[in-house]
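We'll walk through it piece by piece.

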Amino acid sequence: MLHPEQITGVILAGGKSRRFGSNKALCEYGDKTFLQHLINLARPYTKGVVIAGCYPEYNEKGIPVLQDAYPDMGPVGGIYTALRESDTPWILVLTCDMPLISKEIIMLLLASGRGEEVIGWQHDAVDALFPLLIAKTVLPYIEKAIELKQYRVKQLFERERSRKILIPDALLSRFANINTQEDYKNTIYD
C-alpha cells in the first residue's frame, strides 16, 4: 500500500455545473460543502490536498488552488495540471460531484495497486472511474493526448499498466454522481 507521503490528494472542482445550475462543489453535505467534505476525506491518505479548479470561493479553503494549464478540457485538464504541479509520485483524484465516496473506498483503492500506473473503478450498472489513483509517470501520455485533442479520462485505461477495480455491490450507492438538482435531492436527502 502506498504511504500518504507518496500521494497528493486532488479534488476536481473546475466544472461549470451547467446541468446543476450552480457550483456543485459548494452544495451542502451535512454541515460542510461537498468540497470541504472531500478535502477532509482525502487528508489522512495524502501528503497534502489541492483543488483543481479556479473559482474565487475556493481561495477561502486555505489549501492550494490550481488553475488548469489547459482550460475547458474537463477532468483531463485538472488531472494534467495536478500531476504537473505535484511533488509526489502519485495523485489521488476525487471529484466534487461524488460526495458519498467513503474511507473504505479510498483504502481499497490504495491497497489494490500491483504495479499499475492508473487505477480506477468499474461496475456493470454504473460508468464509474473515480476516484482514481494516477502515477506521475503518466504525465507524458496525458500531454500527448492533449496534443491530439483527446480529452477522455477513459483513455487512461487504454494503457497497459492500468486497472479497474470491480465496485462491490455493497458500496455501489457510494459512487453516486450528482449532476442535477434532482440527483442532489435524491442522493443527499433520501
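This is a predicted model: local features need pLDDT of at least 70, side-chain atom pairs count only at pLDDT 80 or more; totals for chains, interfaces and linings use all residues.

Let's start with strand E6, which runs over residues 90–95 and is mostly covered: six of its six residues are buried. In a regular strand, side chains alternate between the two faces of the sheet. Here, Trp90, Leu92 and Leu94 sit on one side of E6 and Ile91, Val93 and Thr95 on the other, and both sets are buried.

Now for the neighbours of E6. Strand E1 (residues 7–12) pairs with E6 in the parallel sense, with six bridges between them. With strand E8 (residues 132–135), E6 pairs in the antiparallel sense over four bridges.

Next, the packing. The largest nonpolar core counts 59 residues, and the ones with the most contacts inside it are Ile79, Leu132, Ile134, Ile142 and Phe175. Pick Ile142 and ignore its neighbours within four places in sequence: Ile142 then touches Val76, Ile79, Tyr80, Leu83 and Leu156. There is also a second, separate core of seven residues, with Cys27, Phe34, Leu100 and Tyr184 among them.

Ile142 leads us to helix H4 (residues 139–147), where the buried residues are Leu139, Ile142, Ala145 and Ile146. Because these four cover an arc of only 120° around the axis, they end up on the same side of H4. Among the things covering them are helix H2 (75–85) and strand E8. Look at the face of H4 turned away from its buried side and you'll find Pro140 and Glu147, both exposed. After H4 comes Lys149, with a positive phi near 60°.

Finally, the cysteines. How many disulfides does the structure hold? The count is zero. Take Cys27: its nearest cysteine sulfur belongs to Cys96 and is 8.7 Å away. A disulfide needs the two sulfur atoms within 2.5 Å, so at 8.7 Å Cys27 is in no disulfide. Seen from the other end, Cys96 has the sulfur of Cys27 as its nearest, and Cys96 is in no disulfide either. Are these two cysteines buried or exposed? Cys27 is buried, with a relative accessible area of 9%, and Cys96 is buried as well, at 8% relative accessibility.

Notes: Residues are numbered from 1 along each chain as its sequence is written. Side-chain values use heavy atoms; hydrogens and water are left out. Buried means under 20% relative accessible area, exposed over 50%, partly exposed in between (1.4 Å probe, protein chains only). Helices (H or I, at least four residues) and strands (E, at least two) are DSSP runs, numbered from the N terminus. Two strands pair if DSSP finds at least two bridges between them. A nonpolar core is a set of buried Ala, Val, Leu, Ile, Met, Phe, Trp, Tyr and Cys residues joined through side-chain atoms within 4.5 Å. Contact means heavy atoms within 4.5 Å. The arc is that of the directions from the helix axis to the C-beta atoms.
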